[in-house]
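Let's take a walk through this fold, starting with the whole chain and then stopping at a few individual residues. Keep the viewer open as you read.

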Amino acid sequence: MNLPLNIIYRTYPGYNLDKALKAFPDKKSLIKYSLSSLMGNLEPSNSKLHIIIDAPTDEYILLINEIIANFSIRTSIHIREKPYGNAESFNSCLLLANALDKSNLFFCEDDYLIHPNLFESVKTIFSQKDSPDYLFPFSHPDYSKLLIHKLYRALTYFSESSNIFKRRASGCLTFFTSKDAINRDFKILKLYADGFLGDHNMWKLITLPYLSSSTIIKELY
C-alpha cells in the first residue's frame, strides 16, 4: 500500500551560533534553505506538511509563510504555547502524530538539509517486509565511536534491509517511522517528551531495553 506521508517539522527562531555552520550565519538564512530543501523534494499528491513553531515571533511566522507560499504542498502551521523547549515541542509533534490517520511519518528538525534522493530511498525501504521501524536519515559520529552502536550493529548484522539506512541503537529526533510504530511505542517516546529520559536512552529503551537497563533505570531515578 502506498501510504501518505505526513511530515512533522518543528522549528523555533533561536540559533546557536557556536554550533552553526559558516554557510548559515543566522537562523533566517538556515530556515530558507532547510525548509525549501524539504518542501522542494516532497510529492504534492501524497504529502502533507505540519509545521510546529516553538517560541514564535511575528517576524518568524511571516518568514515561514513566505517560504511555504512558494510550494504547492498541503501545509498547516501549529503555534506552540508555553512552556517552550526541545522536549516540550517534541511532545507536540508526538501528540499530533498520534492523532493522524494511518500513514508514514517523517519527524524533522529545522537544521537539516534534505538530499533529493531521500524520499525515494525511504519509499523503497518502507515497501520491504523487514524494514526497520525507525529510519535515521543522517549519519552521526557516535555511530562509529560508541560501543553501544558497535554492539547493536553486530546484533542486527543479519537483519539489515538497506545499504543506505542501517539499524541504529539510537538516533536524533529527525527520523522516519509509521503511525503503527508511534502507536506501539507512544508511552516510551513520551518518557522523553515528558522529561523523564534523554533522547539517547529513549531510543535504547526501544532497541536494547535489556542491555541498556542499568543506564535507563539510573536516569529515571
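Of the 221 residues in this protein, 46% count as buried, where buried means under 20% relative accessible area, exposed means over 50%, and partly exposed is in between (1.4 Å probe, protein chains only). Keep in mind that this is a predicted model, where local features need pLDDT of at least 70 and side-chain atom pairs count only at pLDDT 80 or more, while totals for chains, interfaces and linings use all residues. Residues are numbered from 1 along each chain as its sequence is written, and side-chain values use heavy atoms, with hydrogens and water left out.

Now for the overall layout. The protein has nine helices and five strands; both are DSSP runs numbered from the N terminus, helices being H or I with at least four residues and strands E with at least two. Reading from the N terminus, the order is β-α-β-α-β-α-β-α-α-α-β-α-α-α. The radius of gyration is 17 Å, close to the 17 Å that the globule rule gives for 221 residues, so the protein is as compact as a globular protein of that length. (That radius is taken over C-alpha atoms, and the rule is 2.2 Å times the number of residues to the power 0.38.) Along its principal axes, the C-alpha trace spans about 45 × 40 × 35 Å.

Next, find helix H1, residues 27-39. Its 13 residues reach 18 Å from first C-alpha to last, close to the 18 Å expected at 1.5 Å a residue (the expected span is 1.5 Å times one less than the number of residues). Buried residues in H1 include Lys27, Ser29, Ile31, Leu35 and Met39. What covers the buried residues of H1 includes strands S1 (5-11), S2 (47-53), S3 (74-79) and S4 (104-109), along with helices H2 (58-68) and H4 (118-126).

Not counting residues up to four places away in sequence, Leu30 touches Tyr15, Phe24, Asp110 and Asp111.

From there, jump to Tyr143 in helix H5 (residues 142-145). Leu30 and Tyr143 are 113 residues apart in sequence and 26 Å apart in space, C-alpha to C-alpha. Why does Tyr143 count as buried? Because its relative accessibility is 6%. Leaving aside neighbours within four places in sequence, Tyr143 is in contact with Phe136, Phe138, His149, Arg153, Arg168, Ser170 and Gly171. The C-alpha atoms of Tyr143 and Ala169 are separated by 8.8 Å, although the two residues are 26 apart along the chain.

Finally, two spots in the backbone. A cis peptide bond joins Lys82 and Pro83, with omega about 5°, and Pro83 lies in the loop between S3 and helix H3 (86-99). In the loop between S2 and H2 sits Ala55, which has a positive phi of about 50° although it is not a glycine. Ala55 counts as partly exposed because its relative accessibility is 24%.

Methods. Contact = heavy atoms within 4.5 Å.
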